[in-house]
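I opened this entry to look up charged side-chain pairs and the metal site. My notes follow in the order I checked them.

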Amino acid sequence: MQTNMRQAKERKKNIRKSYLFILLLVCAVAAAYVVVNIIDNQTSYHPPNISGPEAIPQNAQSNSSGNGKGYANENEWYLILVNKWNPIEANSNIEVIELSNGERVDERIYPYLQEMFDAARKDGIYPIVASGYRTEEEQTRIYNEKLSAYMADGLSYEEAKNETEFWVAVPGSSEHQFGLAVDINADGVHSTDYEVYDWLANNAHLYGFITRYPFGKTHLTGVENEPWHYRYVGINAATEIYNQGICLEEYLGKVN
Ligand SMILES: [Zn+2]
């Protein structure tokens, strides 16, 4: 009996020891966890939690700037349509660059224009930019001069106006005011105008330029054929327009 009681006491002691041990172990683990956490917070940078996909609005993910949507994106700066039915926006922000002869173009088309002229010269053709960027005032002056000349020839105001608008864009609707168009002629020494027009008709698309007012498209462009007037639209659009024999209005599906 005495032995049994001693054994029972012994067992109780052991159990108490075990509880104590477990308690110490739990305390030690908790202490270690706290210490590690403090060190971790002091030494490592935790970025704010905004990088998960849930932080990006749905429409922001699908609205990436036209990538993978093909090239007929009319919102691209080089595909914006300017004609008498789609006049230019008044405060378009145009950065122009001056050419050696004083003419100016939108600086974004300059490298392609230079490349095209270099290629022409390699083929023995010598083009010049006869007219590039024009301000509203310059376009107005050109328009009025043409109008006056027709009236001096005996046309009525209405007749002169109609005739003028076949050749000169109404101020506000000229691609020249946009800086993306150039009138290209020959230097008059090494090439004739028609040699230049011929070369351009066959090669300009390779550099992103199109003949903007082709034959047979006056009803769509609103302008008579002008073999000297070239417009930058980018190489993809220019190649497509060239291959299909269409005008910019048709390419963009904006036919009046
Ligand atoms: Zn022109």
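**Notebook: charged pairs and the zinc site**

I began with R108, which is partly exposed at a relative accessible area of 37%. I note that the model is a predicted one.

Entry 1. I asked what the side chain of R108 meets in a salt bridge. I found D106, with 2.8 Å from N to O. I then looked up the burial of D106, and its relative accessible area is 1%, so I list D106 as buried.

Entry 2. I searched the whole structure for salt bridges and recorded ten.

Entry 3. I turned to helix α4, which covers residues 136-152 and holds both R141 and E145. These two are four residues apart, about one turn of the helix. I checked their side chains and found a salt bridge at 3.3 Å, N to O. I also looked up how open each partner is. E145 has a relative accessible area of 48% and is partly exposed. R141 has 44% and is partly exposed as well.

Entry 4. I next checked R212 and E175, whose side chains form a salt bridge at 2.6 Å, N to O. Where do the two partners lie? I placed R212 in the loop between β5 (209-211) and α7 (218-221), and E175 in the loop between α5 (157-167) and β4 (181-186). The pair therefore ties together parts that are 37 residues apart in sequence. Are R212 and E175 buried or exposed? I have both down as buried.

Entry 5. I moved to the metal. Which residues coordinate the zinc ion? I listed H176 through NE2, D183 through OD and H229 through ND1, at 2.0 to 2.1 Å. I wrote the spacing of these donors along the chain as H-x6-D-x45-H. I then located the two histidines: H176 is in the loop between α5 and β4, while H229 is in strand β6 (residues 229-232). They are 53 residues apart in sequence, so this pair, too, ties together separate parts of the chain. I checked burial last, and both H176 and H229 are buried.

Entry 6. For my own summary, I keep two items from the loop between α5 and β4: E175, with its salt bridge partner R212, and H176, a ligand of the zinc ion.

Technical notes:
Residues numbered from 1 in each chain as written. Predicted model: local features only at pLDDT ≥ 70, side-chain atom pairs only at ≥ 80, totals over all residues. Heavy atoms only, no water. Salt bridge = Lys/Arg side-chain N within 4 Å of Asp/Glu carboxyl O. Buried < 20%, exposed > 50% of the residue type's maximum accessible area, 1.4 Å probe, protein only. Donors = N, O, S within 2.8 Å, 3.2 Å for Na, K, Ca; no water.
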